[in-house]
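Subject: Structure handover

Hello,

Here is the structure you will be working with. Please open it before you read on.

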Amino acid sequence: MDKLALIKAKSIQDHIPYVRDKTLELIIDLINKNKVKSILEIGTAYGYSAYAMSKCKYVNKVITVEKNVENYRMAIDFLKDSKVNCINFDAFIYAPDLQFDLIFIDGPKSHQEQLVKKYMNYLSNNGFMIIDNIYLKKFEKLPLLSKNQRNLIRKVKQFKEWLLSNKELVVKIVDIDDGVAIISNN
């Protein structure tokens, strides 16, 4: 079993979220078409998407930030001997010292607007941002939602509305898997 399949299998076994197949294909395609060299990922989990992105032709640097210590330790193990630098830090405090061609936000869904506002400053001139889980379709299948799930759905809808009404950003929503937003500021 190759390493990517191993990370995915372990994520499934441990009930750790990972990027869905069509979403990952879209991200890889965008990385290759735009000749992305540097990537910042917010939300590592076990390192599945970071590892996949690091294998793209032009990519020479991937930094991924994970707050959860257990996930970070698992990711470090999976990502050793790769070009991925995994950092155990809170994304709301972390401040990179460079700009990136791609910033992939797959972290806390209830604070996406705050993350977008913060990390837009770290995009290179022709860079773009990808945000996963714009729709949270996984909740549509549940017969009864908890108060926390309803609040999360409400916050994600508000975030999507904010994105689409923001005149400073160019936003494209792609309806695959759980929904993906592609954002640029040019």
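Below is what was found in it, topic by topic.

First, the ground rules. This is a predicted model, where local features need pLDDT of at least 70, side-chain atom pairs count only at pLDDT 80 or more, and totals for chains, interfaces and linings use all residues. Residues are numbered from 1 along each chain as its sequence is written, and side-chain values use heavy atoms, with hydrogens and water left out.

**Strands**

Helices (H or I, at least four residues) and strands (E, at least two) are DSSP runs, numbered from the N terminus. Buried means under 20% relative accessible area, exposed means over 50%, and partly exposed is in between (1.4 Å probe, protein chains only).

Start with β1. Of its 5 residues, 5 are buried. In a regular strand the side chains alternate between the two faces of the sheet. In β1, S38, L40 and I42 lie on one side, while I39 and E41 lie on the other. Both faces are covered.

Which strands pair with β1? Two strands pair if DSSP finds at least two bridges between them. β1 pairs with β2 in the parallel sense, over 5 bridges. There, L40 has I63 of β2 as its bridge partner. The chain goes from β1 through α3 to β2, and this β-α-β crossover is right-handed. That term means that, with the strands pointing away from the viewer, the path from the first strand over the helix to the second runs clockwise.

β1 also runs parallel to β4, joined by 4 bridges. I39 is partnered with L102 of β4, and L40 with I103 of β4.

Now look at β4 itself (residues 100-105). This strand is largely enclosed by the rest of the structure, because 5 of its 6 residues are buried. β4 pairs in the parallel sense with β5 (residues 123-132), over 5 bridges. I103 stands opposite M129 in β5. From β4 the chain crosses through helix α5 (residues 112-119) to β5, and this β-α-β crossover is right-handed.

S124 sits in strand β5. Is S124 buried or exposed? S124 is buried, at 16% relative accessibility. S124 and Q99 are 25 residues apart in sequence, yet their C-alpha atoms are 5.2 Å apart in space.

**The largest pocket**

Rolling a probe the size of a water molecule over the atoms shows where empty space is left. A pocket is an open set of points, on a 1 Å grid over the protein atoms alone, where a 1.4 Å probe fits, with protein on both sides within 12 Å along at least five of seven lines; lining residues have an atom within 4 Å of a point. Grid points are joined across faces, edges and corners, and a volume is the space filled by probe spheres set on the points.

The largest pocket has a volume of about 760 Å³. Its lining holds 37 residues, and the closest to the pocket centre are P17, A45, D106, G107 and K109. The elements that give two or more residues to this lining are α1 (3-13), β1 (38-42), α3 (48-54) and β2 (61-66). The lining divides into 16 nonpolar, 11 polar and 10 charged residues. Here Ala, Val, Leu, Ile, Met, Phe, Trp, Tyr, Cys and Pro count as nonpolar, Asp, Glu, Lys and Arg as charged, and the others, Gly among them, as polar.

**Aromatic pairs**

How many aromatic pairs does a search of the whole structure find? The search finds 5. Rings of Phe, Tyr and Trp (its six-membered ring) pair if their centres lie within 6.5 Å; planes under 30 degrees apart count as stacked, over 60 as edge-to-face and the rest as tilted.

One of the pairs is F89 with Y94. Their ring centres are 6.1 Å apart and their planes are at 65°, so this pair is edge-to-face. F89 is partly exposed at 38%, and Y94 is buried at 11% relative accessible area. The rings of Y119 and Y122 have centres 5.8 Å apart and planes at 45°, so that pair is tilted. Both Y119 and Y122 are buried.

**Loops**

Most residues other than glycine have a negative phi, and most peptide bonds are trans. H15 is not a glycine, but has a positive phi of about 60°. H15 is in the loop between α1 and α2 (21-33), and is exposed at 73% relative accessible area. D177, in the loop between β6 and β7 (180-184), also has a positive phi, near 45°.

Best wishes
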